[in-house]
Structures are given as structure tokens and as C-alpha cells.
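The sequence and the structure are shown first.

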Amino acid sequence: MSVPVWTDTNGVAATGAEQIRRQPWTPVVGCPGVFIKELSRRGELADVLLRIEPGASTPGRPHQRIEQHIWVLEGEAAIGLHRLSVGGYTVVPPGTAHPIHAIGSWGCVLLQSQIPLPAGSVTEIVSTSCQQ
């Protein structure tokens with residue numbers, strides 16, 4: 001479920017920090033220690049927060065039609081072959097493996113945008129990449 005957004009008369013949408021904080025983290029099936037919050041979904045574009053606990057990871061199986069943009073908001077993560085800290089950014093082209101590992105004792109929080117978005121919820125899509 002997406003966080004509620006408010007849209008002004010110019011079509012600019014916004015969500016308050018308190019609403020995002022109150023939204024529960026949903027465990028990602030098949031990836032112990034990985035949690036997701038869906039922030040928005042507009043047509044084929046989705047934005048989510050991923051929280052990865054210390055030592056946890058995702059296998060990052062390739063998505064054949066999805067391009068992902070990932071920013072590190074908290075902590076440090078290894079995404080594919082790149083080690084990124086706060087403010088780091090990567091683009092994952094369609095069909096590319098992109099395992100994500102939380103580095104350090106704090107884990108990490110990532111902002112992930114993806115397009116195009118196939119049918120189904122973003123949580124289901126992330127869970128699918130975690131399942132064998």
C-alpha cells in the first residue's frame with residue numbers, strides 16, 4: 001500500500017515525513033532481514049524504501065523489463081560490484097543481476113525507483129527476486 005500523498009493544484013504530489021514514518025515496514029518474503037515501504041506508484045513508475053538489516057541481503061536476481069535507480073539514504077551497501085555509502089547512487093539496467101548486501105553494524109536504507117512496473121505490487125516484485 002502506498003503512503004497517502006497530497007496533490008496541489010499544479011499536480012505536484014507530496015507526502016509528509018510523519019506519514020512515511022508511521023507506515024509499517026513489510027517483510028520481504030524470502031529475504032530475512034529485508035523490509036519494504038511503498039512510497040508511491042504512478043502508472044509504470046514505483047518508488048519504495050528498502051531497509052536491510054546488518055548482514056542481510058537480497059540475491060538481486062535480474063528483472064527482464066525493469067530498470068532500477070537506487071540511492072543509499074542510510075548506512076552502506078554493496079550493490080552488484082559497487083560499495084556505496086550515504087548519497088551513493090546506481091542504475092541497474094533491465095536483465096542485470098544486482099545483489100544487495102548491507103555493510104556494517106547499522107544496515108542500510110535505500111530509495112529505489114523502478115520503471116516500467118509490471119502488474120502486481122512492488123512488494124511482490126521484490127519478493128519474487130528473493131525467492132529461489
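Leaving aside residues up to four places away in sequence, Glu 67 is in contact with Val 91, Val 92, Pro 94, Ser 113, Gln 114, Ile 115 and Pro 116. The model in which these contacts occur is predicted. Glu 67 belongs to strand 7. Glu 67 and Gly 95 are 28 residues apart along the chain, and 8.4 Å separates their C-alpha atoms.

Ile 66 is located in the loop between strand 6 (57-58) and strand 7. Its relative accessible area is 5%, so Ile 66 counts as buried, the limit being under 20%. A distance of 6.3 Å separates the C-alpha atoms of Ile 66 and Gln 114, which are 48 residues apart along the chain.

## Overall architecture

The protein chain contains two helices and ten strands. Read from the N terminus, the order of these elements is β-β-α-β-β-β-β-β-β-β-β-α.

The chain has 132 residues, of which 41% are buried. Its accessible surface amounts to about 7200 Å², and carbon and sulfur atoms account for 59% of that area. When contacts between residues at least 6 apart in sequence are considered, 61% of them join residues at least 24 apart.

## Pairing of strand 7

Which strands pair with strand 7 in the antiparallel sense? Strand 10 is one of them, joined to strand 7 by twelve bridges. Within this pairing, Ala 78 has His 101 of strand 10 as its bridge partner, and Trp 71 is placed opposite Leu 111 in strand 10. Strand 9 (residues 89-92) is also antiparallel to strand 7, with four bridges between them; here Gln 68 has Val 92 as its bridge partner.

Strand 8 (residues 82-85) likewise pairs with strand 7 in the antiparallel sense, over four bridges. Ile 79 faces His 82 of strand 8 as its opposite residue. Strands 7 and 8 form a hairpin with two residues between the strands, and in this hairpin Gly 80 adopts a positive phi near 60°.

## Further pairing of strand 10

Strand 10 also pairs with strand 5, in the antiparallel sense and over seven bridges. In this case the bridge partner of Leu 50 is Leu 110 of strand 10. Strand 6 runs antiparallel to strand 10 as well, with two bridges joining them. Ser 57 has His 101 in strand 10 as its bridge partner; His 101 is also the bridge partner of Ala 78.

## The nonpolar core

The largest nonpolar core comprises 19 residues, and Ile 52, Ile 100 and Leu 110 have the most contacts inside it. Two or more residues of this core come from each of strand 4 (34-42), strand 5 (45-52), strand 7 (67-79) and strand 10 (100-115).

Which residues does Ile 100 touch, not counting residues up to four places away in sequence? Ile 100 is in contact with Ile 52, Ala 56, Ser 57, Thr 58, Ile 70, Ala 77, Ala 78, Ile 79 and Leu 110. Two of these contacts, Ile 52 and Leu 110, are named with Ile 100 as having the most contacts inside the core.

## Aromatic rings

One aromatic pair is present in the structure.

A separate arrangement involves Phe 35, where Arg 51 is positioned over the face of the ring at 4.3 Å from the ring centre.

Definitions and conventions: Residues numbered from 1 in each chain as written. Predicted model: local features only at pLDDT ≥ 70, side-chain atom pairs only at ≥ 80, totals over all residues. Heavy atoms only, no water. Buried < 20%, exposed > 50% of the residue type's maximum accessible area, 1.4 Å probe, protein only. Contact = heavy atoms within 4.5 Å. Areas by Shrake-Rupley, 256 points an atom, 1.4 Å probe, with all protein chains shown as cover. Core = buried A, V, L, I, M, F, W, Y, C linked by side-chain atoms within 4.5 Å. Pairing = 2+ DSSP bridges. Phe/Tyr/Trp six-rings, centres within 6.5 Å; stacked < 30°, edge-to-face > 60°. Lys NZ or Arg CZ within 6 Å of the ring centre and 35° of its normal.
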